Amino acid sequence: MSSVLMIAAEHGGLPGGKVGGIGDVIAELPPALVNAGLSVSVLLPSYGVYHELPGSQLAASADVAFAGSVQRIGLYELPKLGGAGCWVIHHPVFGAPAGQIYHHDSADSPFATDANIYALFCAAALELLVSGALALPDVVHLHDWHAATFALLCRTYVGEQSERSKALSELPIVYTVHNLALQGVRPLQGHPSALSAWFPSLELPIESIRDPRYPDCYNPMRAGIVLADRVHVVSPTYAREVLLPNALEIGRHGGEGLELDLAARSAAGDLFGILNGCEYAAAESNQPLELSDLSEDRRALVAAMDLQLAQWLAKHEQMRSSDYLARKTLDAATEHLLGPPKDCFLITSVGRVTSQKVGLLLAVNSDLASNVTLLDTLLGQLGTQGLLVMLGSGDQELEAKLVEHAARHSNFLFLRGYSETLADHLYRSGDLFLMPSLFEPCGISQLLAMREGQPCLVHAVGGLCDTVTPDTGFVFDGENMREKAQAASAAFAESLHARSDDEAWLQRRTLAAANRFTWADAAVSYKNSLYEKA
Ligand code: GLC
């Protein structure tokens, strides 16, 4: 086994190529696999821009049968990134509008636009392998629902009886689930964005691709899980959690309806849980670990927040209430932030504003007064001792709730948007990184915060459980939502108390920073367990 072709929707190594953690994985895992001796290429859609990047070259064109007509696509080769090949497929529908990765469809047609794009993308990928424009790899590695339809097309491929078509039907497929909560479910038929509309003449293995909850729908996530040779989720704990059904009334996210399929793959020994990694600048050096100077980091953070807020204010014709409140809170807190770091307990949080990430913070804690959320409770506990700075955007309803919290708590600074630079400043400057996700397949932010010596407060789920320990951070759990919120608040109280012991706190920071979750280690596991077995 020596060559791997990854098919994915995001690539953090390309400009604007990252929306979530999958973008980080596709940027950082392939170079690590290359270092481990594999030949790796990544294939993704052009999104109307990547085929025009400097150094991009048209490698082939092909006609793809899709939705009852023939679509002309172009295959472009980009310069290698980190030693890994990079290919993009261009078709005009991938770039409407140019540069945008995912689209928001109305609630009555979820995923419709994206599902059309990725169905054509997967059909084009197969056609390029059939025609030989793309060399047949030893393993195809598909990422999340966007690439999963490739497994369906490959396993049902009927071509002329040739060596190549035989090789294709036996092509080993690995499927990684980054987030089971997004499955890309679409109708089987009766809609322009439906399986039978894309591939009218395909003989379908309906029973293995049908959505278990909506039997008239196609579930690409399920197709990937059922049809791949090996299934991979991104942490050991998540690999156990997904075998259980969801029980949302007690705050448990499990297999999101696909637990029976996952349990069957697990029983057969085909389910793997390899932890993601992150990049460490000094990983190879034997230099003793040096934590950065928090006073300096905080000066830089304040400047970066000033600049970002000014940019957001300039960008929108009308002032957003979130920017107004953030500006006001920053003005009032600047002096505190620039004072001795010890006097200002700075809590940070970076992530997409989704119910996965903030659902527990915004859940109403029924044991306290009505309408008091966990976030209210934590901010009340913090009082004037410090500040919580949260950076992120996403679901508008949840954003609005965070803005409401920012309006009633002068110690909560909500930066509504995203900037990698600002995120880096927050990883470096904070005392405590808050990540109470309801579920977390792996999580990357906690790794980045720890790398900079920032202890994390996390919910004991998925990859959070596999990376944060009581020595390096604070871990809480509970049997239901109420208990979870209480445990989170108790863990937070513990952190406030622990912070008063300078030496023990420094020890905790040092241990957090000394942790190593490297892509090099992950690459060895991919190579030896996942790919070898496939
Ligand atoms: C998704 C998951 C996150 C994981 C990432 C990369 O974003 O929510 O936990 O780290 O994918 O695998």
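Asn179, Val234 and Ser235 supply 43% of the area that domain 1 buries against domain 2, more than any other three residues.

A word on the source. This is a predicted model, where local features need pLDDT of at least 70 and side-chain atom pairs count only at pLDDT 80 or more, while totals for chains, interfaces and linings use all residues. Residues are numbered from 1 along each chain as its sequence is written, and side-chain values use heavy atoms, with hydrogens and water left out.

Back to the domains. Domain 1 covers 3-236 and domain 2 covers 284-515; the bounds come from an automatic or database domain assignment. Their C-alpha centres lie 35 Å apart. In contact, meaning heavy atoms within 4.5 Å, are 11 residues of domain 1 and 11 residues of domain 2.

Next, one loop. Helices (H or I, at least four residues) and strands (E, at least two) are DSSP runs, numbered from the N terminus. Pro97 sits in the loop between β5 (84-90) and α2 (112-131). A cis peptide bond joins Ala96 to Pro97, with omega about -5°. Phe111 is also in the loop between β5 and α2. Phe111 is not a glycine, yet its phi is positive, about 70°.

Now the helix pairs. Axes are lines fitted to C-alpha atoms, for helices over the stretch in contact, and angles run from 0 to 180 degrees between N-to-C directions.

Take α10 (residues 294-315) and α11 (residues 321-338). They pack at an angle of about 165°, with axes 11 Å apart. So α10 is roughly antiparallel to α11. The cut-offs: under 35 degrees is roughly parallel, over 145 roughly antiparallel, 65 to 115 roughly perpendicular, and the rest oblique. Contact residues include Trp312 of α10 and Leu330 of α11. The residues of this contact divide into 9 nonpolar, 1 polar and 5 charged. Ala, Val, Leu, Ile, Met, Phe, Trp, Tyr, Cys and Pro count as nonpolar, Asp, Glu, Lys and Arg as charged, and the others, Gly among them, as polar.

Last pair: α12 (residues 355-362) and α14 (residues 396-408). Their axes come within 11 Å and cross at roughly 40°. That makes α12 oblique to α14. Ser355, Val358 and Leu362 of α12 meet Leu398, Lys401, Leu402 and His405 of α14.

Definitions and conventions
Buried area is the accessible area (1.4 Å probe) that two parts lose on being put together, summed over both.
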